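Dear colleague,

Please find the structure below, followed by a short account of what was found in it.

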Amino acid sequence: MHTPDSLATLLAACSQGDRSAFARLYEGTSAQLFGVAVRILRREDWAEEVLQDCYVSIWNHARSYRPGLSAPMTWMTSIVRNRCLDWLRRPSLETIDEDGKLIENAMSDTPDPLAELERRADASAIARCLQALEARQRQAIALAFYDGLSHSELASHMRQPLGTVKTWVRRGLIRLKACLEQGA
């Protein structure tokens, strides 16, 4: 067990790049700091990972240690504590998928929530813009796109000349496009 003075001396040596001093600092403090990390994180694997990161930080910031402000162990414990709290606040990226359901769902053909929201917004905008069209234009476009009728089938179904139906569809699509562009 190192005394506060000997730890302060080791930190001062670390600030000068002394690797053997860092090794002695690690040997003298790692068990206690690991205990702090395990108490906060409640998982040894996480504590090991965080502690490794903390020692890198201690090495890199050893020259910022001020003996008059805190004891060396207090300074290092605060680094470990803060890093552990940051670890707990991070987004959870580790998910256990024992039965394979997550992978199965990820490969699903159903759209993700954002895609579904965009699809609904697009559908709402199209419905709004279709309502702004004349009734004949709206009917011709709906039959063409939703029922898949060709221009000649539209003309037959609507009992109108082919040229008239084509004009309704073309003008309706132009107005529909303009309306959708205004909404965007």
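Is Thr 29 buried or exposed? Thr 29 is buried, with a relative accessible area of 0% (buried means under 20% and exposed over 50%, with a 1.4 Å probe and protein chains only). This is a predicted model, in which local features need pLDDT of at least 70 and side-chain atom pairs count only at pLDDT 80 or more, while totals for chains, interfaces and linings use all residues. Residues are numbered from 1 along each chain as its sequence is written, and side-chain values use heavy atoms, leaving out hydrogens and water.

Thr 29 lies in helix 2 (helices are DSSP runs of H or I, at least four residues, numbered from the N terminus). Its side chain reaches the backbone oxygen of Leu 25 at 2.7 Å. Not counting residues up to four places away in sequence, Thr 29 touches Leu 7, Tyr 55, Met 73 and Met 76 (contact means heavy atoms within 4.5 Å).

In helix 9, the buried residues include Val 165, Trp 168 and Val 169. The face turned away from the buried side of helix 9 carries the exposed residues Ile 174, Lys 177, Glu 181 and Gln 182.

With kind regards

Note on methods. Helices (H or I, at least four residues) and strands (E, at least two) are DSSP runs, numbered from the N terminus. A polar contact is a pair of N or O atoms within 3.5 Å; within protein, one must be able to donate a hydrogen and the other to accept it, and residues adjacent in sequence count only if both atoms are side-chain atoms.
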